[in-house]
Amino acid sequence: MKKPPLSLYIPQPPARPGDKARFDHLSFDLGAAARMPDWRTPETELRDLPYGLVRVLGVEGSAWDPHLAPEVMRKGLRAMVQTRLFEDRFFRAHRQGKVSFFMKSTGEEAIGVAQSMALEPSDMCFPTYRVQGWLLARGYPLEKMINQLYSNERDPLHGRQLPVLYSARDYGFYSLSGNLGSRFGHAVGWAMASAYSGDTRIALGYVGEGTTAEGAFHEALTFASVYRAPVILAVTNNQWAISTFAGVAGAERTTFAAKALAYGIPGLRVDGNDFLAIWSATCWAASRARANLGPTLIEFVTYRVAGHSTSDDPTRYRPKDEGEHWPLGDPVERLKDHLIAAGHWTAERQEQMEAELFDELREAQKAAEMVGSFGKSKPPVSEMFNDVFKDPDWRVTEQRRELGI
Amino acid sequence: MNMIQALNSALDVKLADDPRTLVFGEDVGYFGGVFRVTEGLQAKHGTKRCFDTPLSEGGIIATAIGMGVYGLRPVAEIQFADYILPAFDQIVSEAARLRYRSGGEFWAPITIRSPYGGGIFGGQTHSQSPEALFAHVVGIKTVIPSTPYDAKGLLIAAIEEDDPVIFFEPKRLYNGPFDGRHDQALRTWAGLPEAEVPEGHYKIPLGKAAVVREGAEATVLAYGTMVHVAKAGIADSGVDAELIDLRSIVPLDIETVTASVQKTGRCVILHEASRFGGYGAELSALVQERCFWMLKSPIERVCGWDTPYPHAFEWDYFPGPARLARALLKVMENS
């Protein structure tokens, strides 16, 4: 009998430039929130959660509402607005030639900010390059951040790293690197070390949805599961990995939260543009981790409003207005509207806050520019040779001499 | 002690004297390791100090780095050096660069132990010598012992080092010295002076080579199993060669190497790994740059061939004493 020919399937995004934006491939009910089980519930009774969506804002009476004090929400709003203003400013600074490279987290600000605030100062975050809000929410000095972007004489990383690849130990923010996924397992190892030491601290690791395809993602989940590491493993699903839509990472067949099921760990799928839902899900997972109940995988469903980086033009691969049709809206607007509706905030105060943040930012940029923007100032060249090892070996010493320093 | 016992003793000493030390890898815990290097450690120090991992080299090293960042001193085992490659990204992009890229804020004082080298009919994936891959990576140190005494002292030093260290163990030397004369009776370490290993804590500093045999006519640079092959090859050649056991690939003891070649004027480099792009090329370049006016003869490299490590052709591939002796006689032709 003649067998029918096989046919290779290649996923394609629902819309390309010129098409009408569509998100009907995403399965969630905007009117409903996933149930909120007690955090002590065994994983075997949580297996519906990765297919639902944890939501608070816009859902009447959501069980996940963390009932935050107004001043906490206002602080979150402030950090999110600050993140957006900061990023808009330094995206423009790239056009002006003041930084060599930059990446924005526009539309994803709620994730880094809410998690930064919800976790303890001594917990450790193993970030991606798209959670800058973590640092701003923890009050990292703006000027220092800009010095890193400028690779100037006061750059805390001594001119060795690309802009945005920060490292801020005192703010619970692990050293970034350009290679994807390789630090996800560090979060697990760090958490295991904390558990081994009888400590109370937990770790948070981030990857984007594109990076879930890396082997390091599987490795981290396996180790986290096997050793019940006190870690929160976060996937920020912003629908795009540079020009590649999430379907190419596997999103057409399942949710990223559902990847947790096969590892026997709880998986939450959370509205990533909902500050309160992120907060709540983070605390839920943190409670499990702190009680030695092990890891949780959280998928934050969000949308990458900006291009991948200053080197990317998203209009070449997706509809120009796609972000405007994103069903989960804008995280800043949603929290602001919630605060105003509850009588804890006003449009005038928002305007005043934005003006203050704008001035603060301008002052910090001015101060950093006094030191020098990219190419106008750099750390002493001797810094190129430091920290290769704890103590330099003869090669470094000789090569320094060869360069005449 | 044989080399296995010496390595076991080093781990035992560190597990006992530093609660930050952890030992883990595939089959390392209850079973005590496929080469018995971790035998008894779990029973003595507990399952949290010495444990089995999933079969995932990338995961093992990622976990070790995270632990190192926290402040522990993990000693991770990769079952065979041939299988270290799934962890290459972790070693190269993470462990080696962490201190540098974070401006000194983070670092990972990890030790990666791994049996390496051939001469055991291990075929393509149980015989490789990948040290040159790591020598090219800035930010990590690579150490290879050749005797039980060195193995223990170097391993303790590696664990106490604040930089990441790859510790390759020549598995051909685990039970006894091997000089490449595969048709002769096997020897054990019993009764040999290098097998006299103190029970307690001692260190051999990284970056210090050992002059195994003093000589005046040529210098032989070797490490691991090749140190023993070199002894036999030198004896066969009748050349009064100085034999240097490098012990550390990185950092290299450049002073000992150059002092010797400046004295002898001739240099033969011996390693199991294939020749092209091998560590011998770096050694040869350094010797040429630093000893050019003292050289009486071109530098010779005796290495594995530029083929994958074969099974049936073990002794055609393995650079044995006869090949070294020929190279020594060749460098002596120019006098």
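Analyst: In this predicted model, there are zero disulfides over all chains. A:C125 is one cysteine that takes part in no disulfide, and the nearest cysteine sulfur, that of A:C283, is 15 Å away. B:C291 is in no disulfide either; here the nearest cysteine sulfur belongs to B:C267 and is 7.8 Å away. B:C291 is also counted as buried, because its relative accessibility is 0%.

Now to the sheet. In chain B, five strands form an open sheet with mixed pairing, and their order is β7-β9-β8-β11-β12. Its edge strands are β7, residues 210-213, and β12, residues 300-304, each of which pairs on one side only. On average, neighbouring strands of this sheet are turned by 25 degrees against each other, with direction ignored.

One pair within the sheet can be followed residue by residue. Strand β8 of chain B covers residues 218-222, and strand β9 of chain B covers residues 241-245. These two strands run parallel and are joined by five bridges. In this pair, B:A222 stands opposite B:D245 of β9(B).

Helix α10 of chain B, residues 279-291, lies across β8, β11 and β12 of chain B. Its direction is at about 160 degrees to β11(B), a strand that covers residues 267-274.

For chain B there is also a record to mention. An unreviewed UniProt entry lists residues 1-176 of chain B as "domain: Transketolase-like pyrimidine-binding". In the model, this span is 36% helix and 16% strand, and its end C-alpha atoms lie 10 Å apart.

Finally, a helix in chain A gives a simple check of length. Helix α5 of chain A, residues 184-196, has 13 residues, which at 1.5 Å a residue should span 18 Å. Its end C-alpha atoms are 19 Å apart, which agrees. Of these 13 residues, 11 are buried, so α5(A) is largely enclosed by the rest of the structure. Among the buried residues are A:F184, A:H186, A:V188, A:W190 and A:M192. After α5(A) comes A:G198, which has a positive phi near 70 degrees.

Technical notes
Residues are numbered from 1 along each chain as its sequence is written. Chains are lettered from A and ligands numbered from 1 in the order in which they are written. This is a predicted model: local features need pLDDT of at least 70, side-chain atom pairs count only at pLDDT 80 or more; totals for chains, interfaces and linings use all residues. Side-chain values use heavy atoms; hydrogens and water are left out. Two strands pair if DSSP finds at least two bridges between them. Helices (H or I, at least four residues) and strands (E, at least two) are DSSP runs, numbered from the N terminus. Axes are lines fitted to C-alpha atoms, for helices over the stretch in contact, and angles run from 0 to 180 degrees between N-to-C directions. Contact means heavy atoms within 4.5 Å. The expected span of a helix is 1.5 Å times one less than its number of residues. Buried means under 20% relative accessible area, exposed over 50%, partly exposed in between (1.4 Å probe, protein chains only). UniProt positions are given in the numbering used here, feature names are shortened, and annotations may be inferred rather than shown by experiment. A disulfide is a pair of cysteine sulfur atoms within 2.5 Å.
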